[in-house]
Amino acid sequence: MRSVLYAVMLLSTWVGLGCAAHRSDLEIPDREAIYDRPLDEMWPEVRGFFTRNKLPFREDRGSRVLETEWRQEFGGSKVAGFFHRYLVVGRRETPTSSKLQIFRITKSRNKALQNPSIQVDWGVGRAMFNDADARPANSPGESAPLTSSEDWEEVIAEPRGENSFFAESAQGQRDLLMEWRVFREVAPLLAKEENAPKPVQVAKAPKANEAPSQMAIECGLPIIGLGKKAQPGTVMMLGELHGTQEVPRFVAQTSCQVTVAGTPVTVGLEIPLENQGRVDAFLDSKGEEGDWLKLMESPFWRSPYPDGRGSEAMANMLEQLRQLRSQGLDVDVVVFDHPKANGQQREDAMAATLVHQVESAPKRFYVVLSGNIHSRTKKGLPWNKDHRPMGLLLKEKLDDVVALDMAYDSGTAWICSVDSQGKRDRLDCGVRETKGKNNGERYFVHTWDSANAEGYHGVFYVGSVNASAPAIRVGDSGPGKEGSKNPFVPETGKLASSR
């Protein structure tokens, strides 16, 4: 009965929601998908799904377990540094029904996430087992290798919290969103429906010949809570602590996931307005060395006091967005800072730039990244009670604005602050400790019932933070290269000390 109910609910969704299903595809389901067919009948269609969507896999012979090959985030980006694969386990629910459990496994380029001594061995019999379990089945005190989906179910279900470890890296996590994506394509085939629902159409860039399929782009582990906010016309302001690796990655993943789910995205960056032409040219380029140099020729990237907005992670994010654009996704970037203005005039100018952008293209989803003073939606600051932040001005002019403050676990960030002698005309820039609160490893968006005293409606969480140094030093000839005119030396591997 439960499987029939799920099938009825799903078919009702296909018929009744239409285009709205594109948006809901971002929302992480709160229940499992149940197939109204035995496991042996369901499994061949599951294999067909991964074959059709060009996700090469290897399969454990004699059981219902397969594992896809590694894919890099953002479609072959040279800077993404994160790879993902799926572990797919078929499970018998009842004699006449079945389900899939799909785990997304993540590793970093430098294997920083690796759990020591955890490796998957594909032997002659293609049975999956850990090195520690590679022993004769009947050895005293030892157990046989894991070969069946039931064995894997037992291991996966072992109470370890949300995270488990698989296949030489950390962050093996249940991916219900992927389970339902498979179900939406496979269930009608099993039911022999003549008119199976079409796959979700990603948001195609205006100049692209065609858009990729939904499964062609690897966007990383789904961001919890993002789907409820990622609507056309919404402006989601992110108030950040400048100078971390994690916030730019959060923005890139958000852009990727929302666009793949069918809504075009514009990213707003607190970069001087005169850089718009360079950013546009870079996004439409092939990302070659000459393209990078043209982008980095701007004085913005060569500031003697780099505050984190021109970090290596921010440059990497632009490369990731360029990669998405090059594959046909409708991702755009607008810069909105007016650094020559001061105080309230600057806030007014930044808000006016963004209002013009949103009103010109009201069906896009906007992710606006700025320092967490600008993104507030309440009047006043401790040192100026009459101050009207950019966020407040946007909320007065636009219909759907949500402001999220940055939440993070302790770590480091590249920060510029007044020097130890208290001279207001000097800044110390370097890697410094940050104190946060551990809320796990998963990125998430969480909103409250009402705005807090600073005008924030909730938080976006990025886990433990790591400092990102400037993408380019003064006098450098290219991104990330040291130059003889460098006015300061980044203190790699240690915290910046006050002088």
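Biologist: Which residues of helix α11 (residues 390-397) are buried?

Modeller: Please keep in mind that this is a predicted model. A residue is called buried when its relative accessible area is under 20%. In helix α11, the residues that are buried are Met-390, Gly-391, Leu-392, Leu-393 and Leu-394.

Biologist: Against which elements do the buried residues of α11 pack?

Modeller: Packing is judged here by contact, that is, by heavy atoms within 4.5 Å. For the buried residues of α11, the partners include one helix, α10 (343-360).

Biologist: Which parts of the chain does the disulfide of Cys-219 and Cys-256 tie together, and how far apart are they in sequence?

Modeller: The bond between Cys-219 and Cys-256 has one end in a loop and the other in a helix. Cys-219 lies in the loop between α5 (176-190) and β11 (235-240), whereas Cys-256 lies in helix α6 (residues 246-260). The parts tied together are therefore 37 residues apart.

Biologist: Is the disulfide of Cys-219 and Cys-256 left-handed or right-handed?

Modeller: The handedness follows from the torsion about the S-S bond, which is about -65° for Cys-219 and Cys-256. Both of these cysteines are buried. Because of that torsion, the disulfide is left-handed.

Biologist: Which strands hold Cys-416 and Cys-429?

Modeller: The link of Cys-416 and Cys-429 has 110° about the S-S bond and is right-handed. The pair joins distant parts of the chain, 13 residues apart. Both cysteines are buried. Cys-416 is in strand β16 (residues 411-418), and Cys-429 is in strand β17 (residues 427-434).

Biologist: Is Ser-417 buried, partly exposed or exposed?

Modeller: Ser-417 is found in strand β16. With a relative accessible area of 26%, Ser-417 is partly exposed.

Biologist: Are α7 and α8 roughly parallel or roughly antiparallel to each other?

Modeller: Helix α7 (residues 276-283) and helix α8 (residues 289-296) pack with their axes 9 Å apart, at an angle of about 165°. Angles over 145 degrees count as roughly antiparallel. The two helices, α7 and α8, are therefore roughly antiparallel.

Biologist: How do the residues of the contact of α7 with α8 divide by class?

Modeller: α7 passes α8 in a left-handed crossing. From α7 the contact uses Arg-278, Val-279 and Phe-282, and from α8 it uses Asp-291, Trp-292, Lys-294 and Leu-295. By class, these are four nonpolar, no polar and three charged.

Biologist: What classes of residue make up the contact of α3 with α5?

Modeller: Helix α3 (residues 39-52) packs on α5 at an angle of about 115°, with axes 10 Å apart, and passes α5 in a right-handed crossing. Among the contact residues are Phe-49 and Phe-50 of α3 and Leu-189 and Leu-190 of α5. The classes are nine nonpolar, no polar and five charged residues.

Terms used
Residues are numbered from 1 along each chain as its sequence is written. This is a predicted model: local features need pLDDT of at least 70, side-chain atom pairs count only at pLDDT 80 or more; totals for chains, interfaces and linings use all residues. Side-chain values use heavy atoms; hydrogens and water are left out. A disulfide is a pair of cysteine sulfur atoms within 2.5 Å. Helices (H or I, at least four residues) and strands (E, at least two) are DSSP runs, numbered from the N terminus. Buried means under 20% relative accessible area, exposed over 50%, partly exposed in between (1.4 Å probe, protein chains only). Axes are lines fitted to C-alpha atoms, for helices over the stretch in contact, and angles run from 0 to 180 degrees between N-to-C directions. Angles under 35 degrees count as roughly parallel, over 145 as roughly antiparallel, 65 to 115 as roughly perpendicular and the rest as oblique. A crossing is left-handed if the near helix is turned anticlockwise from the far one by less than a right angle, and right-handed if clockwise. Ala, Val, Leu, Ile, Met, Phe, Trp, Tyr, Cys and Pro count as nonpolar, Asp, Glu, Lys and Arg as charged, and the others, Gly among them, as polar.
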